[in-house]
Amino acid sequence: MSAHPDSALCCVEDMRVAARRRVPRMFYDYADSGSWTESTYRANEADFQKIKLRQRVAVDMTNRSLRTTMAGESVAMPVAIAPTGLTGMQHADGEILAARAAKAFGIPFTLSTMSICSIEDVAEHVKAPFWFQLYVMRDRSFVENLIDRARAAGCSALMVTLDLQILGQRHKDVRNAMTAPPKLTLRNLLNLATKPAWCAGMLGTKRHTFRNIVGHAKGVTDLGSLGAWTAEQFDPQLNWESIAWIKRYWGGKLILKGVLDAEDARMAAACGVDAIVVSNHGGRQLDGALSSINALPAIVDAVGDQVEIWMDGGVRSGQDVLKAVALGARGTLIGRAFLYGLGARGEAGVSRVLEILKKELDVTMALCGKRDIHDVDASVLVPGTYPTADRIV
Ligand SMILES: Cc1cc2nc3c(=O)[nH]c(=O)nc-3n(C[C@H](O)[C@H](O)[C@H](O)COP(=O)(O)O)c2cc1C
């Protein structure tokens, strides 16, 4: 089958198909999978589809604006790039390319602790502030090291991920024996032979493994020691006191990611943070948990008057962004949507995904009879089709 011409890449689903052709199987599968039965992964997208929009007519649809703020930063639309591990394996130098696309578009980029390009590398090549996502590790001196480096690199917010104290399992990663860089087994070599553009990119870069960690964490000097370190470093004892300590140590804008329950949201809000991200890690952790869009209203109801609420999980279109905003999210994060663009076409692919989402959001908002994203509320949704604080769809 011939590849899509770029002009025919009309939606995020087109990008997913194009990425699957271009990216080696173990890394494509790493992105396009969820934990265990993948029920929460699927629900994140499917539950958006259940919500219906109210079409309005004969209202003035001129002079529209999607511009808003997230944690005080001006954004071209209520979307930021979510932190994703191994992004530099979807495409050579992936984090740098995605951060550049985000900067050009006017939305925030979040760099994962488990990135391939390091904090310093992204700062040097992008020359604009970005957000840094922190996994809390048992080795607190390494956590301090990461925070110090994020501060020195000029990161404008720290996003602490709460929902990965222990690792969920994705069957595909086990079956593919996923590593970064990939082990050169016969099976992998046969697959790599069908991905020449990806291979050419990787041969042209030195960024092949977790560069925030190797050479920085105690005892991690190569791939062998990295695997053992990662497996035992995520801190199962992480608690609200750890968050208070991180807040003091960092001293800047703080975002807590991975809250799905209203009771936890109250604890998170009490920490005095700048935003909470309603998230189930894209269906990659607790399989069977609520979809993020179903979890959102109860959290908005509980603490939406105290702190900014954002959400991620299943956002694949501008219609999804509008629905999340209608249910009280100040902003959304996109994970797979940008990864597919990156895998398919590098920096241009991420830019294209952002353009697609913006156009879809703009037209959808207009057809719902609104001109300013700040005026979007549940009145754009058909009653009975959307979740509320005490009802899921
Ligand atoms: C391939 C992949 C890697 C991820 N790695 C991280 C990570 O390193 N840190 C983190 O906080 N979240 C990580 N996430 C979760 C995302 O930040 C985000 O919550 C999720 O992707 C949102 O769902 P979506 O992919 O449906 O948009 C990852 C998600 C994916 C798909």
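The points that follow concern strands and helices first, then a cysteine, then aromatic rings.

1. Basis of the note. This is a predicted model, in which local features need pLDDT of at least 70, side-chain atom pairs count only at pLDDT 80 or more, and totals for chains, interfaces and linings use all residues. Residues are numbered from 1 along each chain as its sequence is written, and side-chain values use heavy atoms, with hydrogens and water left out.

2. Strand 5. Helices (H or I, at least four residues) and strands (E, at least two) are DSSP runs, numbered from the N terminus. Strand 5 is covered on both faces, with Trp131 and Gln133 buried on one side and Phe132 and Leu134 buried on the other. Buried here means under 20% relative accessible area (1.4 Å probe, protein chains only). In a regular strand, side chains alternate between the two faces of the sheet.

3. Strand pairing. Two strands pair if DSSP finds at least two bridges between them. Strand 5 pairs in the parallel sense with strand 4 over two bridges, and Thr110 stands opposite Trp131. Strand 5 also pairs in the parallel sense with strand 6 (residues 157-161), over four bridges; there, Phe132 stands opposite Leu158.

4. Helix 5. The buried residues of helix 5 (residues 119-126) are Ile119, Asp121, Val122, Ala123 and Val126. They pack against helix 4 (94-105), strand 4 (110-111), strand 5 (131-134) and helix 6 (140-152), contact meaning heavy atoms within 4.5 Å. Lys127, which follows helix 5, has a positive phi near 55 degrees.

5. Cys271. This residue is found in the loop between helix 12 (262-270) and strand 8 (275-278). Cys271 counts as buried because its relative accessibility is 17%. Leaving aside neighbours within four places in sequence, Cys271 is in contact with Trp240, Ile243 and Lys247.

6. Aromatic pairs. A search of the whole structure finds six aromatic pairs, rings of Phe, Tyr and Trp (its six-membered ring) being paired if their centres lie within 6.5 Å, with planes under 30 degrees apart stacked, over 60 edge-to-face and the rest tilted. One of the pairs, Phe27 and Trp198, is stacked, at 5.9 Å centre to centre and 25 degrees between the planes. Phe27 lies in helix 2 (residues 25-31) and Trp198 in helix 9 (residues 196-203), so the pair ties together parts that are 171 residues apart in sequence. Phe27 is buried, at 1% relative accessibility.

Definitions and conventions
Buried < 20%, exposed > 50% of the residue type's maximum accessible area, 1.4 Å probe, protein only.
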